[in-house]
Amino acid sequence: VCGFEPHLGLSTTVVIFFHGLGDTGHGWAEAFAGIRSSHIKYVCPQAPVMPVTLNMNMPMPSPSWFDVIGLSPESQDDEPGIKTAIS
């Protein structure tokens, strides 16, 4: 888990931010550092590197929470991968 603690007081709120395909939790943790508040804890988890069907079934050079099979509305969803990502 990539995150940072507020520098003053106790956290009363937690923001959990999941990055998109091809991004990282580390980059978003740095982005949130510029707007942090003393009562908010920001958590930016990091997805694993895994094969992505849309990328010719090759591992993406950056993390993915689940397989992306296609971009059209009719494309199948990776339901098992999505359930694993949220568990």
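Start with the aromatic rings: in this predicted model, there are five aromatic pairs. Here rings of Phe, Tyr and Trp (its six-membered ring) pair if their centres lie within 6.5 Å; planes under 30 degrees apart count as stacked, over 60 as edge-to-face and the rest as tilted. Select F17 and W28: with ring centres 4.6 Å apart and planes at 45°, this pair is tilted. F17 sits in the loop between strand 2 (13-16) and helix 1 (25-33) and W28 in helix 1, so the pair ties together parts that are 11 residues apart in sequence. Helices (H or I, at least four residues) and strands (E, at least two) are DSSP runs, numbered from the N terminus.

Are these two residues buried, exposed or partly exposed? F17 is partly exposed, with a relative accessible area of 26%, and W28 is partly exposed too, at 30%. For these words, buried means under 20% relative accessible area, exposed over 50%, and partly exposed in between (1.4 Å probe, protein chains only).

Now select F18 and W65. They form an edge-to-face pair, 5.1 Å centre to centre with 75° between the planes. What does this pair tie together? F18 is in the loop between strand 2 and helix 1, and W65 is in the loop between strand 5 and helix 2, so parts that are 47 residues apart in sequence are tied together. F18 is partly exposed at 47% relative accessible area, whereas W65 counts as buried at 18%.

A word on how to read the model: residues are numbered from 1 along each chain as its sequence is written, and side-chain values use heavy atoms, with hydrogens and water left out. As this is a predicted model, local features need pLDDT of at least 70 and side-chain atom pairs count only at pLDDT 80 or more, while totals for chains, interfaces and linings use all residues.

Next, select S64. It is found in the loop between strand 5 (58-59) and helix 2 (79-86). S64 counts as buried, at 2% relative accessibility. Show the neighbours of S64: leaving aside those within four places in sequence, S64 is in contact with L21, A47, P48, M50 and V52. Contact means heavy atoms within 4.5 Å. Then look at F66, whose backbone oxygen lies 2.6 Å from a polar atom of the S64 side chain.

Move on to G25, in helix 1. At 1% relative accessibility, G25 is buried. Which distance separates its C-alpha atom from that of C44? The two atoms are 4.7 Å apart, although G25 and C44 are 19 residues apart along the chain.

For a contrast, select L10, in the loop between strand 1 (2-4) and strand 2. L10 counts as exposed, at 74% relative accessibility. Not counting residues up to four places away in sequence, L10 touches S38 and H39.

Now for charges. The structure holds one salt bridge, meaning a side-chain nitrogen of Lys or Arg within 4 Å of a carboxyl oxygen of Asp or Glu. Select E79 and K83 to find it: their side chains meet at 3.2 Å, N to O. Being four residues apart in helix 2, E79 and K83 are separated by about one helical turn. E79 is partly exposed, at 47% relative accessibility.

Finally, zoom out to the whole protein. There are two helices and five strands, and along the sequence they follow the pattern β-β-α-β-β-β-α. Of the 87 residues, 28% count as buried. Among contacts between residues at least 6 apart in sequence, 50% join residues at least 24 apart.

Notes
Polar contact = N/O pair within 3.5 Å; in protein donor to acceptor, adjacent residues only side chain to side chain.
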